[in-house]
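Hi,

Here is the structure I promised to pass on.

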Amino acid sequence: MTIRQALDTFWDSVLEVEPLVATEIGDKRFDHLLPDLSPNGRHRRQAAGDALTAAVESVRTDDMPTELRLGAALARFIARRQADRVQHRLDLLEAASHQWGPGHVLAEITEIHRVESAADAATLTARLRAIPDYLRCACDLLTEGAASEITATIPVVERSIKQVERILAVGAHDSPLVTGIAAKDLELRTLRDDVAALLADQVLPAYQRYRDALIDYRRSAATGFGLCWLPGGDQMYRAAARAWTSLDLDPEQVHAEGRELLAALRAQRGALGSAPVPPIRAGNEIEQLARQYVQRAQEAVPLWFDVDAPPCEVRPIDGYRSAADTSPGYYHPPTDDGARPGTFHVNTGNPHVVARLAAVAFHETLPGHHLQHVAERERHRRNPDLPSVRRFGGVFAGSAASEGWGLYAERLADEMGLYHEPWERAGMIDAQAWRAVRLVVDTGIHAFGWDRDRAVRELRMAGLDQGTADIEADRYAALPGQALAYALGADRIRRWRDRFVRETGGDAAVRGFHSRVLELGALPLEVLESELFGRP
């Protein structure tokens with residue numbers, strides 16, 4: 001088997017156990033499946049990674065063409081991430097998580113599974129029929145976690161219960177899955193009826209059983225707030241942090257870096273003075289303001305980048321999500337063929353998002369994540385024979401390169417003149433402080449044993465309102481290590497830019513740096529740095 005064949009086989013194995021990712025990138029081969037939470041799924045993840053690692057280690061990667069070598073490096077990182085997940089049983093915690101756990105699946109399907117043909121309709125109904133077995137496996141993980149004392153913390157379990165209760169309260173006929181199907185002909189009107197019947201007869205009863213299992217599980221849920229209170233929790237945290245950041249981290253160093261960065265941002269904010277936020281409260285006003293920011297960025301991008309960015313859609317979060325559980329906004333990338341556009345989902349139910357909405361919009365759309373994905377599609381167009389893991393594997397490359405760029409883009413937007421009002425710029429600095437305090441709070445929770453009250457208090461002192469601080473603290477508890485990716489990634493991108501400009505020189509150096517980073521795409525940070533400045 002050649003390295004290219006090994007990479008393609010590995011990528012297919014990854015998508016088969018994570019089929020929602022396949023749907024998100026536009027690969028329809030696994031649209032009828034859901035993630036495999038069973039012991040067999042764990043075994044397949046481990047076996048695929050072992051086979052890939054053996055294949056890559058059998059050859060000299062230095063002799064490979066650049067894109068094949070980058071694909072191999074990315075695949076090796078994904079394999080290690082999968083092995084860590086299996087070894088440290090992070091799946092036991094994911095089964096009770098309100099962040100991308102079982103209660104998130106219907107919303108995910110609603111957002112990414114487009115129905116434009118009879119084949120799409122067939123895979124959608126097959127996927128819905130798979131939900132009862134998927135939730136049964138989740139319940140098995142809850143039972144196993146309770147027996148092994150590797151359990152989610154009580155606040156996360158309580159949010160998960162409420163999340164499922166909202167799904168049940170929406171019901172079948174009012175489900176966004178049903179109402180989101182554009183019934184422009186008789187066949188699709190029939191599909192709406194079929195989906196509603198599946199929800200009523202199979203899906204919602206399965207969620208009822210899952211909710212009951214969560215209520216029972218709550219009695220065994222962890223009273224400590226972080227991983228350090230669980231058996232093997234210290235190693236679990238290091239593995240989780242590595243999965244999200246691609247770095248082997250010392251929590252004490254990260255904690256200190258966060259404190260230092262936060263102090264510098266507080267000084268910047270103090271120098272700016274008072275910046276009152278306009279009284280925007282209604283959801284439609286928030287959505288309209290978000291559209292204005294996206295349009296503002298759209299007009300400025302050609303002056304700073306060598307990328308032609310198509311428009312990004314703006315939508316409010318859907319009915320399966322709650323403003324009380326959701327971040328100010330998030331982005332869903334386009335499919336590679338452009339059939340589904342990039343979409344910025346705005347939390348229009350939380351008026352506190354207004355103060356930071358400009359920064360959030362520039363982070364999620366332009367010059368942030370949307371621009372990243374536009375550049376990625378252009379790379380695919382120029383290189384149609386790229387290995388699939390190189391084309392799409394960045395989604396599993398940790399978040400530091402991607403979210404680091406998003407956070408860097410918030411500050412870059414200031415250089416681009418995109419903050420027109422003092423309160424918008426103040427909101428950007430506050431948003432930067434929010435990511436800095438994540439370094440402090442995430443390590444505090446998972447490495448130093450902070451309780452929830454301490455975590456929320458630190459977030460409030462960094463400028464977050466009470467509701468957002470509550471959401472954020474529980475998010476960090478549910479996704480250990482993920483919050484580290486933003487500031488750590490952005491810090492490295494800023495340092496790389498300074499070095500690139502010093503070594504390259506000229507007025508076009510910054511533009512050249514941006515082009516190079518966007519061209520390379522989402523990679524583990526060490527791989528990205530070596531490609532920017534030459535491999536040792």
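Arg-136 is partly exposed, at 43% relative accessibility (partly exposed is the range between buried, under 20% relative accessible area, and exposed, over 50%, using a 1.4 Å probe and protein chains only). Helices here are DSSP runs of H or I with at least four residues, numbered from the N terminus.

Before you read on: this is a predicted model, where local features need pLDDT of at least 70 and side-chain atom pairs count only at pLDDT 80 or more, while totals for chains, interfaces and linings use all residues. Residues are numbered from 1 along each chain as its sequence is written, and side-chain values use heavy atoms, with hydrogens and water left out.

Arg-296 and Glu-424 make a salt bridge at 3.2 Å between the closest N and O atoms. That pair links distant parts of the chain, helix 14 (residues 283-300) for Arg-296 and helix 19 (residues 422-446) for Glu-424, 128 residues apart. Arg-296 is buried at 18%, and Glu-424 is buried at 4%.

Asp-470 and Arg-452 also meet in a salt bridge (3.7 Å, N to O). Salt bridges with shared partners also join Arg-42, Arg-89, Asp-91 and Glu-144 into one network. The overall count is 45 salt bridges.

Cheers

Key
Salt bridge = Lys/Arg side-chain N within 4 Å of Asp/Glu carboxyl O. Helix = DSSP H or I, 4+ residues; strand = E, 2+ residues; numbered from the N terminus.
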